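Look at the sequence and the structure before reading on.

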Amino acid sequence: MSRTILHVDLDAFFCSVEEKLNPELRGKAFVVGGTPQGRGVVASASYAARPFGVRSAMPTARALRLCPHLIVVPGRHGVYGEESERVMDILRDAAPVVEQISVDEAFLDVSDDPRPGEQVARALREEIRKRCELPTSWGVAGSKLVAKIATEVGKPNGLIVVPRGGEAAFLAPLPVEMLWGVGPRTREQLVGLGLRTVGDLASQTPAWLSTHLGPHGIELAARARGEDDRPVEEGREARSMSNETTFARDVADPAELLRTLRALSDNVGSRLREAGLAGTTVRLKLRWPDFTTLTRQTRLPQPTDQDREIFAAAQGLFERVWKKGRAVRLIGVGVAHLGERLRQLSLFDAAWQHDERLLAAVDAIRTRYGYDALRRGHEVDTPERGRTHEPEG
């Protein structure tokens, strides 16, 4: 099966967040970083500052020499972390596999989405712009390597699609240092051999590469041709659990939709309890017949792994966004911001304690005899459960 990989980069992320918080900075040359006194460095440079030669990781004192009118803004990394998590939550709601590689970058595998990769990327770029007020650049390709390079080519606020079979042609005119694994020293070596572009490297024979570059040369040439079969991999730490159903036929009946939502909530709750986890955010996912996907979420006062609480929150979200008679292609529910299963019980929280005992019995039966060994009344005639998403990282 051919793959569709997206790469997203939040443009000048720290600076974009600062512009969002202080619109007066927009269009101005400024950096987020340490003071010029001592050993302060630039963490992020606005695009208006870059023509002066200002770059990240540069000493702030040097940046001010290059651009005397430069504005220096102290960093607020707690805020940046929160903004990053908001964006990553949107990505995880949209794709079954998301690999976050830094605070402002991620890969998405959307191979099972029936829409073209470009359409998925455009929809996500617009959603992030509307909900988070942050610009993003995107690359769409059949591999992580080419998707990331496409993002770099399209910055800022671009979207570059590399069609299958066109990887080598896309890469050929680019400077050789754009390849992964080509740092300053390797670039100097390649240029010394007359290899200035990716195409120059890709055109060499294996014998020539082995003679002049050793085993590393063969690997670099494969990258130069766009060859990269590495999968998009989630991190190890569970961030969310979700379950969704794609209906065989679009459904507009509210009773059937709510029955399905309840069954999905039960499934997620059961898996949370099995993993010893609970979460503070409940998410709803709806996809309309035209493949437009809507996600909404709500934060709970304390972590939960209880089916009843998950369903109540998901139902509340559903009733706010669904209009009577509107058909639904896919419905899903998830719980995010997971942690240890801890709860502050009030003196009179008898209902939760009752649910706890009941669910323990239900889980024990299903563990021994299978999920369908015990079905509740609301699950009767519920459509077959859909794809289950493993914990996301």
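The sections below take the helix, then the sheet, then a helix that crosses the sheet.

## Basis

The model shown here is predicted.

## Helix α7

Helix α7 spans residues 184–192, and three of its residues, Thr 186, Leu 190 and Val 191, are buried. Buried here means under 20% relative accessible area. Viewed down the axis of α7, the buried residues fall within an arc of 135 degrees, so they line one face of the helix. An α-helix has 3.6 residues a turn, so residues three or four places apart point the same way.

On the other side of α7, Pro 184, Arg 185, Glu 188 and Gly 192 are exposed. The cover over the buried residues of α7 includes α8 (198–202), α9 (206–213) and α10 (215–224). After α7 comes Gly 194, which has a positive phi, near 85 degrees.

## The sheet

Three strands make up an open sheet with mixed pairing, and their order is β3-β2-β4. At the edges stand β3 (42–45) and β4 (71–73); each has a single partner strand, so one side of each is left without a neighbour in the sheet. On average, neighbouring strands of this sheet are turned by 30 degrees against each other, direction ignored.

Strand β2 (residues 30–33) and β3 run antiparallel and are joined by three bridges. Val 31 has Ala 45 in β3 as its bridge partner.

## The helix across the sheet

Helix α1 covers residues 13–21 and lies across β2, β3 and β4. Relative to β2, helix α1 runs at about 110 degrees.

Key. Residues numbered from 1 in each chain as written. Predicted model: local features only at pLDDT ≥ 70, side-chain atom pairs only at ≥ 80, totals over all residues. Heavy atoms only, no water. Buried < 20%, exposed > 50% of the residue type's maximum accessible area, 1.4 Å probe, protein only. Helix = DSSP H or I, 4+ residues; strand = E, 2+ residues; numbered from the N terminus. Arc of directions from axis to C-beta. Contact = heavy atoms within 4.5 Å. Pairing = 2+ DSSP bridges. Axes fitted to C-alpha atoms, helices over the stretch in contact; angles between N-to-C directions.
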